[in-house]
Amino acid sequence: PERIPALADPVLKGRADLALGSRYADGGVIKDWPLARRIISWGATVLARPLVSVSDPMSGFFAVRKATWQRHASLLNPTGFKIALEFLVKCGIHRVVEVPITFKDRVHGESKLKFKTQLQYVWQLVHLYWFEFPLVVLAIAFAAVAVGATVLQSVLGGACCRRRQHGPYAAADGSHGDGAVRDLSV
């Protein structure tokens with residue numbers, strides 16, 4: 001709460017369309033985080049980096065101009081808790097000020113960082129990448145389907161698509177798979 005005036009100031013004075021409380025800005029601090037939490041946060045930040053240029057896209061502590069909110073509210077679909085990330089990607093906000101904050105594990109209540117929340121975040125990223133880079137996402141999807149089909153064909157194709165090794169028309173060369181060529185003309 002003590003950083004609210006510093007966060008609101010750039011927006012109220014018209015220097016920014018969005019002010020973002022950042023753990024990673026100069027002067028920002030993270031206290032008492034276990035290594036696993038730091039790794040998860042780093043990974044989430046890396047995944048969002050192509051979408052935004054801020055140091056802490058995971059931050060939920062932000063201030064935005066009312067006009068920006070009103071102009072773009074219909075575009076926003078903040079699933080989960082990354083509303084600032086939605087604003088930055090979908091509203092074309094370029095005037096951003098990062099305000100250093102101190103972030104520490106909560107003293108009361110439970111962490112929001114559950115596996116379901118992490119999956120929601122990945123799904124939100126898929127939507128944001130689709131919004132920002134639709135052709136790239138489409139190309140990656142087609143490539144993934146092609147690679148998947150190739151792998152499936154190589155794994156299953158050999159088992160389900162081999163020619164039968166016996167029977168009157170087993171091999172194209174008439175060998176029935178045993179190497180002996182028979183004259184099949186009558």
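How many helices and strands does the protein have? The protein has six helices and five strands. Helices (H or I, at least four residues) and strands (E, at least two) are DSSP runs, numbered from the N terminus. The model is predicted: local features need pLDDT of at least 70, side-chain atom pairs count only at pLDDT 80 or more, and totals for chains, interfaces and linings use all residues. Residues are numbered from 1 along each chain as its sequence is written, and side-chain values use heavy atoms, with hydrogens and water left out.

From the N terminus on, the order of elements is α-β-β-α-β-α-α-β-β-α-α. The protein has 186 residues, and 28% of them count as buried. Buried means under 20% relative accessible area, exposed means over 50%, and partly exposed lies in between (1.4 Å probe, protein chains only). The protein exposes about 12400 Å². Carbon and sulfur atoms supply 64% of that area. Accessible areas come from the Shrake-Rupley method with a 1.4 Å probe; for residues, only the protein chains shown count as cover.

Strand β1 is mostly covered, with five of its five residues buried. L18, L20 and S22 point one way, while A19 and G21 point the other way. The strand pairs with two others; pairing requires that DSSP find at least two bridges between two strands. With β3, β1 pairs in the antiparallel sense over three bridges. Here A19 stands opposite A63. With β4, β1 runs parallel, and five bridges join the two. V96 in β4 is the bridge partner of L18.

D56 lies in the loop between α2 (35-48) and β3 (62-64). Its relative accessibility is 0%, so D56 counts as buried. Leaving out residues up to four places away in sequence, D56 touches L20, G21, S22, R23, Y24 and E98.

Helix α4 (residues 83-90) is also mostly covered. Seven of its eight residues are buried: A84, L85, E86, F87, L88, V89 and K90. The cover over these buried residues includes β1 (18-22), α2, β3, α3 (66-72), β4 (96-100) and α5 (115-132). Just after α4, G92 takes a positive phi of about 60 degrees.

Q124 belongs to helix α5. Q124 counts as buried because its relative accessibility is 2%. The side chains of Q124 and E86 are joined by a polar contact of 3.2 Å. A polar contact is a pair of N or O atoms within 3.5 Å; within protein, one must be able to donate a hydrogen and the other to accept it, and residues adjacent in sequence count only if both atoms are side-chain atoms. Q124 and N77 are 47 residues apart along the chain, yet their C-alpha atoms are separated by 8.8 Å.

L156 is in helix α6 (residues 134-160). At 45% relative accessibility, L156 counts as partly exposed.

Notes: Contact means heavy atoms within 4.5 Å.
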